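This is a walk through one structure, beginning with a pair of helices and moving on to aromatic rings and the charges placed over them.

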Amino acid sequence: MHKWIFTSFIVVFGLQATAWARSENTITDSLVKKLSCENLSVDSIYKSLQPTAFHTFYHIPVMNWRFHSGGPALGVCWGLSSAQRKMFYLARFEEQENLNKADLLRKTLDLFRGSELTEQQAGNGRARAIPTPLSQLEVLKYSDKSLMSSWAHAETEPWGLFPVLNRGYKEELGGETVWKTFKLDLQRSQQAHFFRGSNVALLSGETAERSTADNVATLALLQKNLNSKRLTLLVLRAAATSQHVVVAKEIIDLGAYYLIMVYDSNNPFADVPMYFQKSTKSFHAPAIMSITEKKGDHSRPLGVFIVDEDEREPIEAAMLRYYRDECKR
């Protein structure tokens with residue numbers, strides 16, 4: 001698709017967006033609407049989310065790509081999905097930036113990767129730049145309307161958020177120079193999510209299907225999360241070597257099945273459907289699998305796993321800190 005289509009879409013969306021405002025007792029911004037400063041809590045933040053908070057306008061406008069990491073050829077779907085969830089909750093757009101461009105770029109890329117570079121002494125006494133997990137997440141303010149908007153206007157506004165992230169920069173620390181870009185840091189995030197022992201369960205079993213008991217339990221947690229606007233990362237397993245990660249955004253009861261709308265890094269410009277068939281107690285995602293697989297029965301049942309629930313707590317802690325500080329202003 002051509003960028004002019006998305007530019008038109010962005011203009012229309014911008015005209016419909018709610019103006020950001022603060023009163024003595026409430027906050028309205030790109031995430032929340034009339035969030036009360038009284039009895040502020042994580043739950044009250046979720047209950048005050050804008051209807052447009054998870055709109056495709058705020059998607060990361062980049063399609064999943066493959067890269068080699070040692071032996072395996074990995075796609076960056078897990079890294080992109082994790083980054084997308086963080087950007088939904090932790091990015092504030094059309095705000096006055098409180099960081100200079102260099103620091104904002106560094107912190108955004110650290111957020112995507114989930115770690116920062118720190119200077120540590122090596123065994124030979126020389127300092128080295130070592131990636132260490134972020135001690136805490138934080139909300140970041142951007143003057144741009146969204147990553148999608150800055151991507152669409154990259155040619156005319158080369159210093160917008162997306163083109164700057166895409167170009168990246170060199171960080172010098174401990175006598176080392178490390179190149180950091182949107183692409184490289186998402187690949188590092190993918191590696192961190194993929195290469196861990198807890199993922200062994202995703203590879204076990206001869207078929208993609210899980211038991212109906214597992215499916216029902218997965219659906220119950222997914223419903224609980226999405227009904228309270230808690231975005232959820234899902235691994236879709238078609239086979240041990242055919243897996244994909246998406247962000248579930250909304251669940252709708254349509255009688256014979258539950259429709260689940262997701263952010264899919266293979267199609268970031270639109271929400272993509274998958275569904276849970278009530279009669280068979282099984283998950284299906286033909287629209288998604290038709291892109292990830294060239295052959296096969298794309299409507300067949302999938303193994304679906306909820307992952308990275310542990311990433312939710314630091315995201316929520318960052319949101320709560322941010323709005324407490326905003327309420328004190």
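In this predicted model, helix 3 (residues 77–90) and helix 7 (residues 182–194) have axes that come within 7 Å and cross at roughly 105°. Angles of 65 to 115 degrees count as roughly perpendicular, so helix 3 and helix 7 are roughly perpendicular to each other. On the side of helix 3, the contact is made by Cys77, Trp78, Gly79, Leu80, Ser82 and Ala83. Helix 7 contributes Phe182, Leu186, Ser189, Gln190 and His193. Sorted by class, the residues of this contact are six nonpolar, five polar and no charged.

The next topic is the aromatic rings. A pair of aromatic rings is described by the distance of the centres and the angle of the planes. A search of the whole structure finds 14 aromatic pairs. One of them joins Phe112 and Phe182, with 5.8 Å centre to centre and 80° between the planes, an edge-to-face arrangement. Phe112 lies in helix 4 (residues 101–113) and Phe182 in helix 7, so the pair links distant parts of the chain, 70 residues apart. Phe112 counts as buried because its relative accessibility is 0%, and Phe182 is buried with a relative accessible area of 1%.

Phe276 and Phe283 have ring centres 4.9 Å apart and planes at 65°, so this pair is edge-to-face too. Both Phe276 and Phe283 are buried. Elsewhere, ring pairs link Tyr46, Phe54, Phe88 and Tyr89 into a cluster.

The charged end of Arg167 sits over the ring of Trp159, 4.5 Å from the ring centre. Lys278 lies over the face of Tyr258, at 4.5 Å from the centre of that ring.

Conventions
Residues numbered from 1 in each chain as written. Predicted model: local features only at pLDDT ≥ 70, side-chain atom pairs only at ≥ 80, totals over all residues. Heavy atoms only, no water. Axes fitted to C-alpha atoms, helices over the stretch in contact; angles between N-to-C directions. Helix = DSSP H or I, 4+ residues; strand = E, 2+ residues; numbered from the N terminus. Parallel < 35°, antiparallel > 145°, perpendicular 65-115°, else oblique. Contact = heavy atoms within 4.5 Å. Nonpolar A, V, L, I, M, F, W, Y, C, P; charged D, E, K, R; others polar. Phe/Tyr/Trp six-rings, centres within 6.5 Å; stacked < 30°, edge-to-face > 60°. Buried < 20%, exposed > 50% of the residue type's maximum accessible area, 1.4 Å probe, protein only. Lys NZ or Arg CZ within 6 Å of the ring centre and 35° of its normal.
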